[in-house]
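Me: I am new to reading protein structures. Please take me through one, feature by feature.

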Amino acid sequence: MTLAPDADTVRLSLDEARSLARRVLSAAGLSPAHVEAVAETMVAGERDGCASHGLYRLLVATDSIAKGVVSVDAVPALDEPAPALVRVDGGGGFAQLAFERGRPLLVEKARRFGIAALALNNVVHFAALWPEVEALAGEGLVALAFTPSHAWVAPEGGTRPVFGTNPVAFGWPRPGRHPFVFDFATSATARGEIELRRRAGQPVPADWGYDADGASTTVAKEVLAGAMRTFGGHKGSALAAMVELLAGPLIGDLTSQESLDADAGRKGSPLGGELILALDPAGFLGAAAGQHLQRAEALFEAIQAQGARLPSERRYAARAVSAHEGVTIPAALHRDILKLLER
Ligand code: NDP
Ligand code: PYC
């Protein structure tokens, strides 16, 4: 670990970040299998320059553990409700281990049937979704993932929370390259971004949310106590509703309002489900499979030829830098993380 020249930040190698995350999660009482899965996700987030879902999440995850929101030693249970469907009951544990347990069978079924779905039920979710779709695209599959959260977001035309921040993630394989991946909240931004602004004492853009009286505000704390807004007006609002339905009632799990009700004021991470879809291009294309990759590359080239960037380009670039330079986090965050080891 080194103090950066301004002493406001701390630099950690990836190994140091991983070891810190594991120590904190173990000290919080999480079982070894969950520690591994959860620490990897947080380090991957920090490594890829996704601060809102990186090491900051150690504060969030340990808070949920301390409040009894998470089952620390849950053993995910896998079953097959239909030939192309996989279900993993996470037993109230964090979602990462449940995904690891379900992933091999999801891949196998997608290859066998051309399309397959994995429902994670009864999991606590604090994380980004790109790790799931990137892993599946790395296996040559096209992937989609959705999860509701807590009711923090107002529908377009209203000012009171109904939806979660409800991310949508998509992954597409690329020959010899990292997959094409996007992953974003259907709210104007992830709630984690607003939490980071609150910690840093910074304002938020006026179109991110409303205060508790339904008035626009740039004060992060007021948006957190009021309602966030969807991205893209009615379009983000409809997509947020779709995520509620697909990864809630469709898979027999909670909506964001139900998750907030189940939280009963503890302010823990969302509890509920995640839906992950995997498609094998060979299912549609048979012997012609492979051409789809070249045609996709032509599309990506046309985007980049205009000077526009692909989603995930920034993240992969950050990954390449972190591999030799490590990660830099605010010193205040580092201090708060170390305090978790003193409890
Ligand atoms: P952003 O609004 O920052 O959007 C992120 C996505 O858009 C990334 O794929 C990013 O690629 C891409 N992107 C950003 N700018 C551009 C650009 N100029 N051109 C092309 N692509 C671009 O993220 P959010 O704040 O909405 O979400 C952040 C994270 O929060 C997500 O990973 C999401 O899964 C997570 N989240 C998790 C929730 C949960 O319940 N578990 C709830 C809500 C959010 P790149 O990474 O390369 O910049
Ligand atoms: O940043 O909105 C968010 C979020 C919710 C759950 C995990 N991350």
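Me: Which helices do the buried residues of helix 3 pack against?
Reply: Start with the ground rules. This is a predicted model, where local features need pLDDT of at least 70, side-chain atom pairs count only at pLDDT 80 or more, and totals for chains, interfaces and linings use all residues. Residues are numbered from 1 along each chain as its sequence is written, chains are lettered from A and ligands numbered from 1 in the order in which they are written, and side-chain values use heavy atoms, with hydrogens and water left out.
Reply: Now the terms. Helices (H or I, at least four residues) and strands (E, at least two) are DSSP runs, numbered from the N terminus. Contact means heavy atoms within 4.5 Å. Buried means under 20% relative accessible area, exposed over 50%, and partly exposed in between (1.4 Å probe, protein chains only). The buried residues of helix 3 pack against helix 1 (14-27), helix 2 (32-47), helix 6 (191-200) and helix 13 (331-339).

Me: Which residues of helix 3 are buried?
Reply: They are Arg57, Leu58, Leu59, Val60, Ala61, Thr62, Ser64 and Ile65. That is eight of the ten residues of helix 3 (residues 57-66), so this helix is largely enclosed by the rest of the structure. Just after helix 3, glycine 68 takes a positive phi of about 75°.

Me: Is asparagine 121 buried or exposed?
Reply: Asparagine 121 is buried, with a relative accessible area of 7%. It lies in strand 5 (residues 115-124). Leaving out residues up to four places away in sequence, asparagine 121 touches several residues, among them Arg87, Asp89, Ile251 and Asp253.

Me: What domains does the protein chain have?
Reply: Domain bounds come from an automatic or database domain assignment. Here it gives domain 1 (1-66 + 312-343), domain 2 (75-187 + 230-311) and domain 3 (189-226). The C-alpha centres of domain 1 and domain 2 lie 23 Å apart. Their contact takes 25 residues from domain 1 and 22 residues from domain 2.

Me: How many residues surround ligand 1?
Reply: A residue is near a molecule or strand if one of its heavy atoms lies within 4 Å of it. For ligand 1, 23 residues qualify, and the closest are Ala127, Asp183, Ala185, Ser312 and Arg314. Domain 1 and domain 2 each give at least three residues to this shell. Strand 8 (180-184) and helix 12 (313-325) each supply at least two.

Me: Which side chain has a polar atom 2.5 Å from an oxygen atom of ligand 1?
Reply: A polar contact is a pair of N or O atoms within 3.5 Å; within protein, one must be able to donate a hydrogen and the other to accept it, and residues adjacent in sequence count only if both atoms are side-chain atoms. The side chain here is that of aspartate 183. An N or O atom in the side chain of arginine 314 is 2.7 Å from an oxygen atom of ligand 1. Taken alone, ligand 1 exposes 930 Å², and the protein buries 74% of that. Such areas come from the Shrake-Rupley method with a 1.4 Å probe; for residues, only the protein chains shown count as cover.

Me: Where does ligand 2 lie?
Reply: Domain 2 and domain 3 both give residues to its shell, so ligand 2 lies between them. Histidine 53 has a side-chain N or O atom 2.8 Å from a nitrogen atom of ligand 2. For threonine 165, a side-chain N or O atom is 2.7 Å from an oxygen atom of ligand 2. Taken alone, ligand 2 exposes 240 Å², and the protein buries 91% of that.
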